[in-house]
Amino acid sequence: MSAIDAEPDDILTPIKNTSWRWFIAFGVAAAIALVWLAAWGYQLQEGLVVTNLADWGSGGGVTWGLYIGAFIWWVGIAHGGIILSAAVRLFGMTRYQPVARVAELLTIGALSMAGIYIVVHTGRPDRLVTSVIESYPWTVQSSPLVWDVTVITLYFVMTATYLALTLRYDIVRLRHKMPKYFAPLYAALTVGYTKKEDQIIERMVWWLALGIIVLAPLLLHGGVIPWLFALLPSMPGWQGAVQGPSFLTIALMSAIAGVIIISYSLRWAYDWEHVLTDNMFRGLTAWLGLFSLLFTWLQLQQIITGVFAAPKDLSKFSFAKITTPEYIAAMTFIAIVLAYVFAQAVDKRVFSLNRSLAASFLVLMGTLTEKVLFVFEGLEYPTFSLYHAVPGHYFPSTVELLSVAGTASLCTIFFLVIVKVVPVVELHAVESHDDHDDHEGEEVRA
Amino acid sequence: MSTDESSESDEPRHPYETDESFHPMGKEWEDEMRAELEETEYDADLGMQMARDAQRLVAGEISEEEFYAEYHDDVEDEFEADERPIFDDLDGVDLDEVGDDQSMLESLQDVDLSGDDVSRRSMMKKMGAAGLFLGYSAYATHENEQDDEIPEQVSGVRPQGEDEREHRWGMVIDLDRCDGCLSCVAGCINENGTSTGANWMYVFAYEDDQSGQRNFLVRPCQHCSNAPCAKVCPVRARHTREKDGLVLTNYETCIGCRYCQVACPYGVNYFQWGEPDVEMGRLEFLDETPAEVQEMDAGDGFEARAGTYAEEGSDRHEALSEANDHVYDARGWWADSRPPTGVMGKCTMCPSRQDGHTDNPKGTVACMNACDETGMSAIHFGDMDAEIGDDYDRGVRYLERRKNLNPSPTEKNEADPEEDGFGWEEEGSTPQPRDDIYTQEDWENPPAPHDTSQLSTFKLLEDLGTEPNITYIGNEPGPDDEQVDPSTVDDIPGYEDIQRDIQWPVTVKDNRKHHLDYGAGGPPEDTESEEA
Ligand code: SF4
Ligand code: SF4
Ligand code: SF4
């Protein structure tokens, strides 16, 4: 158990107190989200012509761009989040227990944003449900996109189950202190609860965590998502077995960065120095560094094999990639993060919360840029490059760029709302495992 | 054919048979089935036998007809006349709709047991429950794997096998004859009403890196027999028509995800980013919804039941022909002419023509007609499965002829062109030149004779395993070859130059991105009017 001296009551602070800061944050986020929703409405009206996408080939553009890049970025955050929380539960990494639920909530929020991106990306969102369901038994045999949707849905269900199970425990014990107006919701969440289930649930959660960890490299960001690209024979930039590990490290980096940002905000807003401790942030920063290092290493692998004596199409792509200013910028961000993480490991005084926060933003910007570049540069340098219009050119339009701000705002709103409804730090994190039973008795009596 | 006969034969047995258990789920499962059957009043042996043979049906060891013939009487005897012979009913069940176990179950549910109010459960028992079930689940899987009978709206990704399919449409394009006049591009736009820059047929000059020689590449969709675009489509809107290998998009179900475009190695797809330039009302088509067209009677041959054909004389065919329809194919799918907003389009190889309900004959495509009109005849559309002398042999015939006009140096010395007639020999008959395609004079003064060595042909990116159905005559572009910058050449026609031949309000453009670019300047129409 972590050495935090927080009381169970502390985790209810956000539910009980709502400051002006909350309203400002909500207002700003809602305003941005509304602007984007209007832009999206415009896109629905005009068609995808309001993006800067175009046909590859004689068309001189790329047909997938920021929307797909942002889609895999959000999916990455989600998958990284759930892996993080599963690891905490499976390996008993109690130091990070206070952020386990944040990671799970992030998974739910990010998966929803990824889902929104699917809708935003398609030319005929009105047909999504009917067309996909009608043909599902056939397409699931051949279309990597359908595998994606299947797996994402599976993980959404797993995460939601996970979250619901662990929430029951907390809500039963804290319900009497939580707001009356949510009573029906709490009643629904805790329906049929008996004390006997605690142990069973703990075991179920453990097995779910095991399932997630085992399946992650196979099915999630290490498998199905990169296969969306890596299985196509004609885009050298996307091919290769390195895509799986590369996607997975990006997912973990982005998720840890996301968790740091959210926890930082929570700590700042609710004076949670004793719940979300410096010690925990140090640890998260170190993990961020580790995955950034792996990411850099995998990028190097790709670059070296792509420029040394690669086949023509691959080397064309690789040279283009390493000379793209945005790519250089993204790699510089990651390099700065690495430098900081190393420095703070060597000299503890270098560490500061603000620096870790900045590093997290850099990581998120770096991974988003990398993802978007991955998508459209891969398309810009196909094997069949005879066309004069290939490589095409692309820079996201305003409507596209707004979607990033819009989805980030929606995700923020999701968190702003959820902190008011359920405890975002689980009770287990503030009570000791050892005196678990006594404590529990106390709680219920209280 | 019965099981006994086959087990005596020397033919390699199916693994299910050599195994102790015939069922893929193993002996235990099989025993359970038998136990269940034993409980019913019906013949367990018969049930198990049927199941076993159903597996063999899956393995292709016996045919469907044999399976029916073998069991029809048995089943009738076993399940008594007043229960309505199951197989007669099954005959009525549309097997096209039987794609997976689920729909099979549903079909079985539809079987009316002569007014008896029997629960589904007891009905199943009466059918020799487990045995038949086992067999039919296998049968259904078989259907599914073979992809030869597909439920409506969900088509396959590969053409049928050579024996089953009707055609394999493709082209032989003689690049040596192409002079880059772009008539085919105009022909395609006129036929399909595609929007600005969506050049389904795209012709461009490229320079040989080594020799600096200028060549043309004529690039429609390759209608790949192993099309990656069809495989990846998440809704199977992009599909391969089993009967003739055409790779089409169902404009009604496409969700516009553009994965097909990403997966296609050739860059032949053009998405409908905004409103189409040509309104639907201006296209020629049967004024019914796709659902209504699909409802229409399509004749009662087997093909009609498989849902992919509309027999001549059938209601659907008549209606489509009367309307000179150019947006539906024979299945009643909206898959021809330009796509609607938000949907993927590309060269279709004119399916409404190939289904024979337009004024233009089957076996022709608009780009070829346009090319022929200029007298160049570089495009030769036809059935690539055809033998010379068959219908629609234009492509293979042309290729053969060109090969014979390009004998290898040794062959050249041996052959006597006078004696060999048209350059090939066929057993038992002398092939005749076909007036509909070639004039007699053409044959005697063949166009573009080559005095060089062997004919060089290629398919684009064949190594990728896409099995393209366009065969090019000419030299394959090398890896360093590049399209000549269209803006720098004025000795060949540019895309603007064919504008006068276009019947639609469509601006002919080469680079579509320039047209689409959605900068501060506002919607593309504005840019357009400035330029026009
Ligand atoms: S050329 Fe492209 S679009 Fe056409 S069938 Fe082949 S993969 Fe599909
Ligand atoms: S754009 Fe349409 S046809 Fe192409 S893959 Fe997506 S749904 Fe299928
Ligand atoms: S075959 Fe038909 S659709 Fe294809 S390029 Fe020719 S005219 Fe256009």
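This is a predicted model: local features need pLDDT of at least 70, side-chain atom pairs count only at pLDDT 80 or more; totals for chains, interfaces and linings use all residues.
At what angle do helix α11 and helix α12 of chain A pack, and how far apart are their axes?

Residues are numbered from 1 along each chain as its sequence is written, chains are lettered from A and ligands numbered from 1 in the order in which they are written, and side-chain values use heavy atoms, with hydrogens and water left out.

Back to the question. Helix α11 (residues 312–323) and helix α12 (residues 325–346) of chain A pack at about 65°, with axes 5 Å apart. Axes are lines fitted to C-alpha atoms, for helices over the stretch in contact, and angles run from 0 to 180 degrees between N-to-C directions. Helices are DSSP runs of H or I, at least four residues; strands are runs of E, at least two; both are numbered from the N terminus. Who touches whom? Lys321(A), Ile322(A) and Thr323(A) of α11(A) meet Pro325(A), Tyr327(A) and Ile328(A) of α12(A). Contact means heavy atoms within 4.5 Å. That contact has 4 nonpolar residues, 1 polar and 1 charged. Nonpolar means Ala, Val, Leu, Ile, Met, Phe, Trp, Tyr, Cys and Pro; charged means Asp, Glu, Lys and Arg; the others, Gly among them, are polar.

Next pair. Helix α3 (residues 66–90) and helix α14 (residues 398–421) of chain A pack at about 25°, axes 10 Å apart. So α3(A) and α14(A) are roughly parallel, a label for angles under 35 degrees. From α3(A) come Leu66(A), Tyr67(A) and Trp74(A); α14(A) gives residues including Val399(A), Glu400(A) and Cys411(A). The contact of α3(A) with α14(A) counts 8 nonpolar residues, 2 polar and 1 charged.

Zoom out. Chain A has 16 helices and 0 strands. Its C-alpha atoms fill a box of roughly 75 × 55 × 40 Å along the principal axes.

Now the ligands, in chain B. A residue is near a molecule if one of its heavy atoms lies within 4 Å of it. Ligand 1 is surrounded by 15 residues, with Cys221(B), Gln222(B), Cys224(B), Cys229(B) and Cys264(B) closest. Ligand 2 is surrounded by 14, and the closest include Cys233(B) and Arg258(B). Its shell holds 10 nonpolar, 2 polar and 2 charged residues. Around ligand 3 sit, among others, Met171(B), Trp200(B) and Cys347(B). Helices α10 (183–192) and α17 (366–373) of chain B each give two or more residues there. The shell of ligand 3 has 10 nonpolar residues, 2 polar and no charged.

Definitions and conventions
Angles under 35 degrees count as roughly parallel, over 145 as roughly antiparallel, 65 to 115 as roughly perpendicular and the rest as oblique.
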